[in-house]
Every structure is written in C-alpha cells, then in structure tokens.
Amino acid sequence: MKITFINELSFIKSLKKGNSNAYTHLVEQYHHRLCTYAYSLINDKDICEDIVQNVFMKIWKKRKVLKDDINLKNYLYKATYNEFIDHYRKIRPVFSLEKVHIESLALLVEEESGNSFEKLLVEVKKEIENLPPKCKQAFLLSKQEGLTNIEISEYLGISIKSVEGHITKAFTILRKTLDTKSHGFFLLLFGTNLSPKTT
C-alpha cells in the first residue's frame with residue numbers, strides 16, 4: 001500500500017516527528033533518483049548505493065532541525081553531491097605537503113643548509129594560509145584535492161567564472177610573495193608552475 005501525505009508540509013512535519021511512514025515515503029520517492037544522480041558522478045553502482053544510504057541516514061538523524069519550508073529535493077541532491085565529495089577525498093590519494101615528492105625536494109635543497117627544506121615548506125604553507133579565504137579554498141580544492149573548476153563551482157555554490165577568478169588571484173598573490181627557490185618547491189608540490197598560464 002502506497003503511503004501518501006496531504007502535502008509536502010505535512011510530509012516534512014511527519015518526518016521531523018520521527019514517523020516511520022514518512023521515512024519510508026522519503027526512500028520510495030527519492031532512492032532511485034538519487035542513485036541515478038550519484039551514478040552520474042561516480043559510475044559505480046555499489047558506491048552509489050552506499051552514498052545514497054548515507055544521505056538517508058544523515059537526514060533521519062538531523063530530521064528534527066529540518067525547516068518546515070525546506071526544498072527537500074534540492075537538499076537531497078546537494079547532500080548526495082557532498083557525500084560524493086567526501087567519498088572521493090577518502091579514496092583519492094591526497095598527498096600532504098610534508099610527503100609529496102620528498103626525493104625531488106631533497107635534491108632541490110641539497111646545496112642549502114640542513115633546515116632549508118623545512119624553511120621552504122613553512123614559507124609555502126604560510127603564504128597559502130595567508131590567501132584570502134575564498135581564494136585559498138578554491139586553490140586547494142583545485143591544486144591539492146584535484147577537483148575541476150566545474151566540481152569546485154558546484155561544491156562551493158559559486159559560478160565557474162568566480163572559481164577561475166579566485167584561483168587566478170591565488171596564483172598572482174603567491175607569485176609575488178614567494179621567492180624563486182620557493183617557486184621550484186611549489187612546482188614539485190603541486191605539479192604546476194607558479195604562473196598565470198596554469199589557471
């Protein structure tokens with residue numbers, strides 16, 4: 001027997017109260033659609049199921065704080081995308097600044113004093129941390145996490161043009177604040193030249 005509610009507001013209120021019928025209705029209405037969406041992102045049926053299951057579990061745990069006028073469809077799609085991003089970060093090898101290209105970095109600073117490596121590392125990290133917040137976030141998502149500008153745009157909820165602008169600004173600032181030796185260090189860390197052309 002198919003479960004129905006008078007309207008969306010009635011459904012949301014029932015869900016917030018912990019009504020099991022409301023949860024069943026939620027799954028019946030959105031499971032297939034969210035799985036299809038998740039599959040378009042990651043192309044793996046098993047992982048899609050896990051992602052969507054996590055979305056339903058989280059919305060059930062947070063049901064009491066949902067707003068009565070919430071756009072549930074948009075909320076669920078955004079939650080599914082965020083779950084995808086979280087999963088992507090877990091499975092993708094994310095190299096920290098301290099570990100990536102250690103051998104090449106050692107060659108880069110071997111002619112310098114013993115603590116040159118640490119000094120360069122601290123300098124690059126400091127200047128990245130000093131970037132304006134949105135520039136830093138877009139830059140790290142692009143150059144450290146490996147997301148495309150389209151993915152960053154969707155994740156941050158801003159236009160692709162804004163993403164490009166933030167990354168370009170980050171490169172401009174870093175190019176001015178880091179010295180020549182740090183430029184080589186930066187190239188080895190992020191696999192890209194510290195130049196406007198790389199954006």
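Is Glu-129 buried, partly exposed or exposed? Glu-129 is partly exposed, with a relative accessible area of 49%. Here, buried means under 20% relative accessible area, exposed means over 50%, and partly exposed is in between (1.4 Å probe, protein chains only).

A word on the model: it is predicted, so local features need pLDDT of at least 70 and side-chain atom pairs count only at pLDDT 80 or more, while totals for chains, interfaces and linings use all residues. Residues are numbered from 1 along each chain as its sequence is written, and side-chain values use heavy atoms, with hydrogens and water left out.

Now to the charged pairs. Side chains of opposite charge can pair when their charged atoms come close. A salt bridge here is a side-chain nitrogen of Lys or Arg within 4 Å of a carboxyl oxygen of Asp or Glu. By this rule there are four salt bridges, including these:

| Pair | Closest N and O atoms |
|---|---|
| Lys-16 and Asp-68 | 2.9 Å |
| Lys-58 and Glu-83 | 2.4 Å |
| Glu-129 and Lys-136 | 3.1 Å |

Take Lys-16 and Asp-68, which form a salt bridge. Lys-16 sits in helix H1 (residues 8–16) and Asp-68 in the loop between helix H3 (45–61) and helix H4 (72–91), so the pair ties together parts that are 52 residues apart in sequence. Helices are DSSP runs (H or I, at least four residues), numbered from the N terminus. Lys-16 is partly exposed at 21% relative accessibility, and Asp-68 is partly exposed at 36%.

Next, Lys-58 pairs with Glu-83 in a salt bridge. This one links distant parts of the chain, with Lys-58 in helix H3 and Glu-83 in helix H4, 25 residues apart. Lys-58 is partly exposed at 38%, whereas Glu-83 is buried at 9%.

Key:
Helices (H or I, at least four residues) and strands (E, at least two) are DSSP runs, numbered from the N terminus.
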